[in-house]
Amino acid sequence: MLVTVDHSSRTPLAEQIAACVRKGLANGTLRRGERLPSARELARTLEVNMHTVLRAYQLLKEEHLIELRPGRGAVVSSEAPASQALLVEACRHLVTLARTQGLAEEEVLDLIRGHFRSSA
């Protein structure tokens, strides 16, 4: 699995790591049940703090994309379809864009509801 981070980016390192995992799930380079590198190993490779990797893994767990198993580490969820990773990434992008444009949460939700209704 290829994970890269840009230390000069404004995007938090944990989010960059999580985005790389999401991308791997979406494009099929990561598969259900596949084990991710240990937090210690990935932190050493990326030259980041281990807690940064653990934070990224926690984000992915909250998104139901990975499972954190005691003694086994982080494993791609057996229930998460690849499309879910793509949707999570798109949602994160949408929220960021909406915030930069000054839109309120309800305005964004109204836009999404409108698109759902018009495409049905």
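The structure is a predicted model, in which local features need pLDDT of at least 70 and side-chain atom pairs count only at pLDDT 80 or more, while totals for chains, interfaces and linings use all residues. Residues are numbered from 1 along each chain as its sequence is written, and side-chain values use heavy atoms, with hydrogens and water left out.

**Helix packing**

- Helix H1 (residues 13-27) and helix H3 (residues 50-62) pack with their axes 8 Å apart and at an angle of about 50°, where helices are DSSP runs of H or I with at least four residues, numbered from the N terminus, and axes are lines fitted to C-alpha atoms over the stretch in contact, with angles from 0 to 180 degrees between N-to-C directions.
- On the H1 side, Leu13, Ala14, Glu15, Ile17, Ala18, Val21 and Arg22 meet Thr52, Val53, Arg55, Ala56, Leu59 and Leu60 of H3, contact meaning heavy atoms within 4.5 Å.

**Cysteines**

- The count of disulfides is 0, a disulfide being a pair of cysteine sulfur atoms within 2.5 Å.
- The sulfur of Cys20 has its closest cysteine sulfur in Cys91, 19 Å away, which is too far for a bond.
- Cys20 is buried, with a relative accessible area of 18%, whereas Cys91 counts as partly exposed at 47%; buried means under 20%, exposed over 50% and partly exposed in between, with a 1.4 Å probe and protein chains only.

Conventions: Helix = DSSP H or I, 4+ residues; strand = E, 2+ residues; numbered from the N terminus.
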